[in-house]
Amino acid sequence: PLTDYPSPYLSELVPVEAHRSTYIETVRGCRSHCTYCFYPRSSNVLRTLDVQQSAQLVATLRDRGAREPVYLDPTFNHRPEFEALLDALAQVNPDRSVSCFAEVRAEGLTAAHAKQLARAGFTKLEMGLQSVNRETLKRVKRGGSPEKVAAAAKMLRAEGIDLLVDLIIGLPGDTPEDVARGVDFLLEHELAEHAQVFVLSLLPGTAMRATAQQDGV
């Protein structure tokens, strides 16, 4: 559990500086199975920093000058006790003097979550679209749908939360036309201004396994 690890900030091994982001982990590990991502290969067992300690860490960092906590949790809204953590963060950041950032997935996000995120001080979130081809999303074990991304984006922006939306070029099965449709999707839903476009990178071992699977080995 992350409770066994001291914070490098609170141990004064890393300085807390107002003009820099302060990186926080409340979860290590990921239960998603996206084949293009390292997180599930690292660990699919979630190790957490509990709600009260997570909130107290943010409160202490704020008192030491932190203004932009960045959560490194693989999927912030899929962590255990997500709603309880948002409530606790809102209590220690009532004036929203710290501006938070995290990565979320559209699946499971509700309008109530959007309101809680805003109250807790989240001003920007990153969300993966990755592809508009549903078959590609199934193939890479991502799941989800473009429609869910659009709906979640609308809810979050209604609460004043800015978005970074990810699109990956080169996922197995995607065609140039799919990529073009992805760009059109971002434009249609007014998400293009803050889009992040990545080219899929294959590690040598990953590329060999992918080739073997395609060849039926």
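At 37% relative accessibility, Arg-67 counts as partly exposed; this class lies between buried, under 20% relative accessible area, and exposed, over 50% (1.4 Å probe, protein chains only). The model is predicted: local features need pLDDT of at least 70, side-chain atom pairs count only at pLDDT 80 or more, and totals for chains, interfaces and linings use all residues. Residues are numbered from 1 along each chain as its sequence is written, and side-chain values use heavy atoms, with hydrogens and water left out.

Arg-67 sits in the loop between helix 2 and strand 4. Helices (H or I, at least four residues) and strands (E, at least two) are DSSP runs, numbered from the N terminus. Beyond its neighbours within four places in sequence, Arg-67 is in contact with Ala-18, Arg-62, Ser-97, Val-98 and Ser-99. Contact here means heavy atoms within 4.5 Å.

With neighbours within four places in sequence left aside, Val-45 is in contact with Arg-28 and Gly-29. Val-45 and Arg-28 are 17 residues apart along the chain, and their C-alpha atoms are separated by 7.9 Å.

Helix packing was examined next. Two packed helices are described by the angle between their axes and the distance between the axes. Axes are lines fitted to C-alpha atoms, for helices over the stretch in contact, and angles run from 0 to 180 degrees between N-to-C directions.

The axes of helix 2 (residues 51-63) and helix 3 (residues 82-92) come within 9 Å. They cross at roughly 30 degrees. Helix 2 is therefore roughly parallel to helix 3. Angles under 35 degrees count as roughly parallel, over 145 as roughly antiparallel, 65 to 115 as roughly perpendicular and the rest as oblique. The crossing of helix 2 and helix 3 is right-handed. A crossing is right-handed if the near helix is turned clockwise from the far one by less than a right angle, and left-handed if anticlockwise. On the helix 2 side, Val-51, Ser-54, Ala-55, Val-58, Ala-59 and Arg-62 take part; they meet Ala-84, Leu-85, Ala-88, Leu-89 and Val-92 in helix 3. By class, the contact of helix 2 with helix 3 has nine nonpolar, one polar and one charged residues. Ala, Val, Leu, Ile, Met, Phe, Trp, Tyr, Cys and Pro count as nonpolar, Asp, Glu, Lys and Arg as charged, and the others, Gly among them, as polar.

Helix 3 also packs with helix 4, at an angle of about 30 degrees and with the axes 8 Å apart. This makes helix 3 roughly parallel to helix 4. The crossing of helix 3 and helix 4 is left-handed. Helix 3 contributes Phe-82, Glu-83, Leu-86, Asp-87 and Ala-90; helix 4 contributes His-113, Gln-116, Leu-117 and Arg-119. By class, this contact of helix 3 with helix 4 has four nonpolar, two polar and three charged residues.

The buried residues of helix 3 are Phe-82, Leu-85, Leu-86, Ala-88, Leu-89, Ala-90 and Val-92. They pack against helix 2, strand 4 (69-71), helix 4 and strand 6. In helix 4 (residues 111-119), the buried residues are His-113, Ala-114, Gln-116, Leu-117 and Ala-118. These pack against helix 3, strand 6 (122-130) and helix 6 (146-158). Gly-121 follows helix 4, and its phi is positive, near 105 degrees.

A search of the whole structure finds eight salt bridges. A salt bridge is a side-chain nitrogen of Lys or Arg within 4 Å of a carboxyl oxygen of Asp or Glu. One of them joins Arg-28 to Glu-25, with the closest N and O atoms 2.9 Å apart. Arg-28 is partly exposed, at a relative accessible area of 30%. Glu-25 is partly exposed, at 31%.

The side chains of Arg-134 and Glu-147 form another, at 2.9 Å from N to O. This pair links distant parts of the chain: Arg-134 lies in helix 5 (residues 134-139) and Glu-147 in helix 6, 13 residues apart. Arg-134 is partly exposed at 46% relative accessibility, and Glu-147 is partly exposed at 48%.

Lys-138 forms a salt bridge with Glu-135, the closest N and O atoms being 3.8 Å apart. Lys-138 and Glu-135 are three residues apart in helix 5, so about one helical turn separates them. Lys-138 is exposed, with a relative accessible area of 59%, whereas Glu-135 is partly exposed, at 46%.
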